[in-house]
Amino acid sequence: MSGEGKGRLRRLAGAKMFSAAGFVMRALAIAAVFTVAHALGLREHTTFLSGTAASVDGGMDRSVVLGVIYLATYHAFVLLGPILLLAAGLLWLWERLLRASQGRRISPPADP
Amino acid sequence: MNSRRQILAGLAALGIATAIWLPCAHLFFVQKESRYRSASGLPPKARALAARHLQLWTDPALRTRELERMRHSNAEWDFMGRSFLVWSLAEMSLREPAAKTTYLAVMDQIIAETLRLEQERGLYFFLMPYAKERPFLQKPERSLFLDSEIALMLAVRRTVEEKPEYRPLLAVRVETMLERMRRSKALAAESYPDECWLFDHAVALAAIRVADALDGTDHSAFLREWVAKARQNLIHPATGLLVSSFTTRGTPLDGPEGSSIWLAAHCLRLVDEDFARDQYRRARKELGRTLGGFAWSREWPVSWQGPMDVDSGAVIPVLDVGAGASGLAFIGASSFGDADYLAPLHATLDYAAFPKRKEGRLKYCASNQVGDAVLLYACVLGPIWDKVKEAQR
């Protein structure tokens, strides 16, 4: 990764929670956690919702725990992730509009 | 921007984003109706679900693993998974005559193995352990749960194509069910000791009706009497819905239940179309729920809270999403052509039941074999009931 790319990542990681960058960072974190849960095959354990364990050997308790983890990360990815990204976009737009209007107020009047 | 102002701006942005996203989320899961429903042929979803089931019945190791998983929770599901698959294959045979031979072979394999297991291991093999806690009142002990579903398996198989060996087997099941129901003033036969289920009675009545169409017998007087008794004894006053379980005297044990009423309404269409439609309409009002483009079914109506049993599956609190009830709601919505309910049910299925597709086969991870067989049946049902009604006319 280039120095500029690393710098951007560092800025994202250190972003304040209620900033556009902070929301993007959290959406990325959710996507990463969901990807790991999915790659580990936890999707199979959601079968606990039908009252069945993923395997007889593994047992029901294991399926419930792993299935709940998958459910939480999936719903976060599908529902919370897009909301965070949309909110980041809205905040970014609002901040730009705010800066533009402040710029207009500060700039000196044009010569007659 | 100072930090207080930034927090307020962030919260406002989150609020607006939530208001935008939540009503739109379902759009990513909505499918064209032709994906899961068609007047003829097989819709793609049914084909993919069926491919997975046919694989289970041609791969013994895979089938054993899947059945063990279900039997570990509930032996009934092993049996019901067979029934729903046979009923589905019968519908598929009429929809896709070119594949009829393949489907009939699997149906016969399932029926033969089920009858063998019933004969060798006895009725308790497919019942939950509590069946042994007290004796059946009606002797010799039998379960309408087994008799009704086996009868309907035999009947729909013969509706697709006559198989002479099945004719006496069906006749005996039908006569046995009728004789045991007639022993009770409420026309109720046990599935478990002094425990009679609407689900099993509805399947039994449908099987009797199909048998009548096949063999030229006429049990319409009995079927009318059963509906009259049910209206008299088995209606939950607050909802007008049939209760889910009752004693042999016709005393309700539980109230209406999502995991019973949707299939019962579908089966009752063969017995009394108006009554069935009324039950569906009431179930839709009392149990069916839609929100933000998604739909599900409650297990119990608001006016009756019953104990959760293994048939109910998981119930997700707050929204009261019943896993078992929602699965069977597909059958009700499909049978009564309720596209407004069926479309959001399918959106919910693809959102929250975690489809897994592999080499043209489809399974839902949040489900199991019986759950997927119920979904398959909901996608293909129609031609058998139409054929029976046509024969009766």
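Figure 1. Helices are DSSP runs of H or I with at least four residues, strands are runs of E with at least two, and both are numbered from the N terminus. Two residues are in contact if their C-beta atoms, placed from the backbone, lie within 7 Å. This is a predicted model, in which local features need pLDDT of at least 70 and side-chain atom pairs count only at pLDDT 80 or more, while totals for chains, interfaces and linings use all residues. Residues are numbered from 1 along each chain as its sequence is written, and chains are lettered from A and ligands numbered from 1 in the order in which they are written.

Figure 2. H3(B) comprises 14 residues (60–73), and its first and last C-alpha atoms are 20 Å apart, close to the expected 20 Å; the expected span is 1.5 Å times one less than the number of residues. Glu66(B), Arg69(B), Met70(B) and Ser73(B) are buried. These residues lie on the same side of H3(B) because they cover an arc of only 90° around the axis, the arc being that of the directions from the helix axis to the C-beta atoms. Pro60(B), Ala61(B) and Thr64(B), on the other side, are exposed. A residue is buried if 20 or more other C-beta atoms lie within 10 Å of its own, exposed if 12 or fewer, and partly exposed in between, with C-beta atoms placed from the backbone.

**Figure 3. The contact between chain B and chain A.** Chain B contributes 29 residues to this contact and chain A contributes 23 residues. Helix H1 (3–24) and H3 of chain B each supply at least two residues of the side that touches chain A. H1(B) gives the most to that side, with 11 residues. By class, the side of chain B that touches chain A holds 16 nonpolar, 10 polar and 3 charged residues; Ala, Val, Leu, Ile, Met, Phe, Trp, Tyr, Cys and Pro count as nonpolar, Asp, Glu, Lys and Arg as charged, and the others, Gly among them, as polar.

**Figure 4. The surroundings of Gln109 in chain B.** Gln109(B) is placed in helix H5 (residues 100–121) of chain B. Gln109(B) counts as partly exposed because 13 C-beta neighbours lie inside 10 Å. Glu120(B) is 11 residues from Gln109(B) in sequence, and their C-alpha atoms are 16 Å apart in space.
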